[in-house]
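Please open the structure in your viewer and keep the selection tool at hand. The tour below moves from one selection to the next and says what is found at each stop.

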Amino acid sequence: MERTVREGGLSMILGIEDPTIIVGYAVAIGLTIVCVLYGWLNRDKGEDSNG
Amino acid sequence: MVETWMFWVIVIIYMAITLSVGYMGYKKTKGSDDFMLAGRKARPLIIGMSYGATFVSTAAIVGFGGLAGELGMGLIWLTALNIGVGILLAFLVFGKRANALGHKLKAVTLPDLLGKRYNSPFMQYGPAIIILMGMPMYAAAVMLGGVNFLQVALGVTKDQALLGFVIVTAAYVIGGGLIAVMYTDALQGTIVVSGMTFLLVFTYFTLGGVTTANTDLTNMATLVPSGLAGQGMTGWTSFPSFGSPIWLTVVTTVILGVGIGVLAEPQLALRFLTAKDAKHLNRAIPFGAVFVLLTTGVAYTVGSLTNVYFYQNTGQVSLNAAGGNVDQIMPLYINSATPDIFIAVFTVVLIAAAMSALSSIFHTMGTAAGFDLWTHIRRKLRPDADVARNSRTTILSSRIGMGVMIVISVALAYIMPASIIARATIMFMGLMASAVLPSYAQALFSEKPSLRAAKASLVVGAVSWFIWTALVHNAESSVLGISNFLLGQPSALPLPWQNIDPLVIGFPLSALTLIVVWFVDKHYLAEKEVPSNGRSESAQ
């Protein structure tokens, strides 16, 4: 398959031009990191919160 | 075609391990709290993996993966929302409060939690009825996700695949309750994550690397079928044109419908009630998030990239290669592109994904019918009988409820049309979000929740969702034919209304109703405080 950047195209990140898609991936991966960090930092909080 | 003996060996090993784990759950089930809530002491890894495995089914992999094959990588925003809302917001904001309230009220299901919080039988059997009306369709969609793949990959009949799923899943759900469900979920979730990770690596490797594959897909924008291009699709690595019919479908139906609908899913909310305390929920969050990223994120990425593979090998884009059936894109890709051993392994991945979701759906439908609804029916039939929750009775009636709902779901699976998996999933999530989410949120966050507001919200949400589905949203209204019968046209309203998902109408109406009625009711709440310790019947 011919692999050329389309005329007038924006710069590509990993082969993707549309910033909406790039941001989508960034948000998905970023939120996963946030979840991992949250779980790690709060792993001992809330013990016996139900008495 | 995969070697038959290879498939049977792998599947038999998988089924044996699953049933063994399920049997362990059966042996540990001593009372109704074990059957309904896994004893209220599930471990964080089990909670996180079970939540993820219940959330992500063959609907996500086959249905939405296929949808990504048709509409492109814009669906990655659904993964973002699933993690941001479905994991982070759900656990942190809804989950901890639901866990605390569930322990305080000794609630064992979401409808039970609502009924006790509002001190209202209606708020228990009302949501239960909504679950029983919408969930069989979702169950059928999950079944079809696995069946479709098996038919393509292995040449088995629909009957054989369907019955195989149902019999094995029903055995450990009905026998072992939620302990069996959650432990098998963790096993199945591990299988799914492993398989999907391999699929992503294999796909990018086969297509020449991440940048090469994505560039090829970007350069295929001119190959978008004219029908889709006319509705706003701009390519598989770009978002649809703003405000176009496909943009409305992707944003309102797929992203919002599932992204918000997840908050009111009864089988997911149940996981919050199984944790001992907030600490266990905190520890479960990373497992759930990583699971969702590595399953849905991979499905939508690989789904989109199937276009590159099919174009390079057949000269067709994915949708055309699959004969116009979105649900066949992923099965066809797996069967065509991957080695035989992976086809066999991926068969187990899909079986695992289907069973983990199905088991939770069966369990929730069964308890909705056999506990949440049956308790009130029994009270009506025998007003003088002692309806205090009895452990043995609860388990028995829930098992019977499961059996009945499984039969209904299987029947639905036979009559549902093609390309229905993602849509049926979205419909159920939209119904639950519209009808239940506002009153659920009020139950968790309001100091003095208004019963009138909750009831009004439930009714308005359910009715408005149904009316919009039946009469306006073209994807359903044109098929149901009610609008055509009454008005002589497939949809009661013109574009763009007929592309707006019922959730976008039902949920705001339901929420607005709750707010308005709460304010009106506020003047009366000072005299009649809603008791927070539940109804008179005691729970074991």
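Begin with the second largest cavity, which holds about 70 Å³ of space; a cavity here is a set of points on a 1 Å grid over the protein atoms alone where a 1.4 Å probe fits but cannot get out, and its volume is the space filled by probe spheres set on the points, which are joined across faces, edges and corners. This is a predicted model, in which local features need pLDDT of at least 70 and side-chain atom pairs count only at pLDDT 80 or more, while totals for chains, interfaces and linings use all residues. Residues are numbered from 1 along each chain as its sequence is written, chains are lettered from A and ligands numbered from 1 in the order in which they are written, and side-chain values use heavy atoms, with hydrogens and water left out.

Now select the lining of the second largest cavity, whose residues, those with an atom within 4 Å of a point, include B:Met36, B:Thr109, B:Leu110, B:Pro111, B:Pro266 and B:His363. Two or more lining residues come from each of α6 (110–117), α12 (266–274) and α16 (340–381) of chain B, helices being DSSP runs of H or I with at least four residues, numbered from the N terminus. Which helix gives the most to this lining? It is α16(B), with 4 residues.

Next, select α6(B), where 8 of its 8 residues are buried, that is, under 20% relative accessible area with a 1.4 Å probe and protein chains only. Among them are B:Asp112, B:Lys116 and B:Arg117. After α6(B) comes B:Asn119, whose phi is positive, near 50°.

Move on to the largest cavity, which contains about 90 Å³ of space and is lined by 14 residues, with B:Phe55, B:Ala60, B:Phe64, B:Val258 and B:Thr425 nearest its centre. The largest share of this lining, 3 residues, is supplied by α4(B). By kind, the lining of the largest cavity has 10 nonpolar, 4 polar and no charged residues, where Ala, Val, Leu, Ile, Met, Phe, Trp, Tyr, Cys and Pro count as nonpolar, Asp, Glu, Lys and Arg as charged, and the others, Gly among them, as polar.

Finally, select chain A, whose secondary structure comes to 1 helix and 0 strands, and in which buried residues make up 25% of the 51 residues.

How values were computed: Buried means under 20% relative accessible area, exposed over 50%, partly exposed in between (1.4 Å probe, protein chains only). On a 1 Å grid over the protein atoms alone, a cavity is a set of points where a 1.4 Å probe fits but cannot get out, and a pocket is an open set with protein on both sides within 12 Å along at least five of seven lines; lining residues have an atom within 4 Å of a point.
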